[in-house]
Each structure stands twice: as structure tokens, then as C-alpha cells.
Amino acid sequence: INSFQKGEFTLYFADKTGKKLVEENVEIFYNSNLSKEKILIDQLIKGPTTDNAIVTLSPDTKLISVSTKDNTCYVNFNDGFEERTEEVTGTIAIYSVVNSLTELSGINKVQISINGETDRVYRENIDLETFFERDLNLLETKKK
């Protein structure tokens with residue numbers, strides 16, 4: 001029997017320039033048999049629900065697998081992850097995933113792979129063998 005839960009998630013998408021992250025809090029009803037990590041990645045692929053943010057992951061991105069061990073979340077995408085979206089920088093796309101996942105308890109680091117491979121360079125300059133940690137310096141600062 002599938003049981004559903006309601007959860008609040010904090011997701012990070014690109015701002016309109018594609019050079020900063022903006023936070024979006026969403027309430028999601030989800031199948032409790034699915035991991036929160038999978039739910040969160042699926043929501044990132046769907047994109048933001050507000051007009052002040054733009055999607056960071058290509059709609060062709062598919063999640064192959066996601067698992068967490070020893071406070072590290074391992075995310076494996078298909079080749080669609082490498083496709084560019086709008087004007088979003090590679091750093092913003094990576095940290096959209098990393099910052100969103102590290103909002104979940106028990107996750108401090110994220111390793112991203114494409115088709116199971118980490119020995120790749122994402123968008124010419126980001127080494128995927130890296131264990132990424134949360135970076136709040138990429139957040140758009142609120143104007144006072």
C-alpha cells in the first residue's frame with residue numbers, strides 16, 4: 001500500500017541572470033516509499049514554481065540513481081545533465097543540486113556522476129570527482 005506524506009523542501013534555482021541562486025520553499029505530497037533525495041531532484045528537474053527563478057537543470061536530465069552514505073549523497077544523472085539551460089552557469093547548476101540536497105538532514109557533501117562516471121569535467125571547468133559542499137555565497141542577496 002502506498003502511503004503519502006507531506007513535506008517541506010528548500011530548493012535552489014537560478015535567479016533571472018543565471019549567475020546567482022534563489023531559494024524556494026515548496027510543500028510536496030509524495031509517496032513515502034521514495035527517498036527525499038529522489039523527490040527533491042525530481043522537483044529540481046521540474047523547475048521553480050515562482051516567476052523570480054529559472055530552471056537550472058535541462059528537462060532532458062534524468063535521475064539514474066541517488067543514495068546517501070556517511071553523510072555524502074551520491075547522485076547519478078544521465079547525459080541530459082550536461083545540456084545547458086538558458087543562461088545558467090555551470091557552477092549555479094551544480095550548486096542548485098548541492099545546496100538543495102544539503103538542506104536535508106544527514107547530508108553534508110554531494111558527489112555528482114554522469115552515467116556512473118565521476119572522471120568527467122562538467123561544462124569545461126568543474127571536476128566531477130569533487131565532493132561538493134554547500135555554498136551560500138552563491139545566493140542572491142536581498143536588496144535592502
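Arg134 counts as partly exposed because its relative accessibility is 31%, and this residue of the predicted model forms a salt bridge with Glu103, with the closest N and O atoms 2.4 Å apart. That pair links distant parts of the chain: Arg134 sits in the segment after β8 (132-133), Glu103 in the loop between α2 and β5 (109-114), 31 residues apart. Glu103 is partly exposed too, with a relative accessible area of 33%.

**Other salt bridges**

- Glu124 pairs with Arg84 in a salt bridge, the closest N and O atoms being 3.1 Å apart.
- This pair also links distant parts of the chain, 40 residues apart: Glu124 is in the loop between β6 (121-122) and β7 (126-127), and Arg84 is in the loop between β4 (72-77) and α2 (90-101).
- Both Glu124 and Arg84 are exposed.
- Within helix α1, Lys38 and Asp42 lie four residues apart, about one turn of the helix, and they form a salt bridge with closest N and O atoms 2.8 Å apart.
- Lys38 has 28% relative accessibility and counts as partly exposed; Asp42, at 26%, counts as partly exposed.
- A network of salt bridges links Asp79, Glu82, Glu117 and Arg120.

**Around Thr50**

- You will find Thr50 in the loop between α1 (36-46) and β3 (63-69), partly exposed at 36% relative accessibility.
- The Thr50 side chain makes polar contacts with the side chains of Glu24 at 3.1 Å and Asn52 at 2.6 Å.
- From Thr50 to Asp79 is 29 residues in sequence and 27 Å in space, C-alpha to C-alpha.

Technical notes:
Residues are numbered from 1 along each chain as its sequence is written. This is a predicted model: local features need pLDDT of at least 70, side-chain atom pairs count only at pLDDT 80 or more; totals for chains, interfaces and linings use all residues. Side-chain values use heavy atoms; hydrogens and water are left out. Helices (H or I, at least four residues) and strands (E, at least two) are DSSP runs, numbered from the N terminus. Buried means under 20% relative accessible area, exposed over 50%, partly exposed in between (1.4 Å probe, protein chains only). A polar contact is a pair of N or O atoms within 3.5 Å; within protein, one must be able to donate a hydrogen and the other to accept it, and residues adjacent in sequence count only if both atoms are side-chain atoms. A salt bridge is a side-chain nitrogen of Lys or Arg within 4 Å of a carboxyl oxygen of Asp or Glu.
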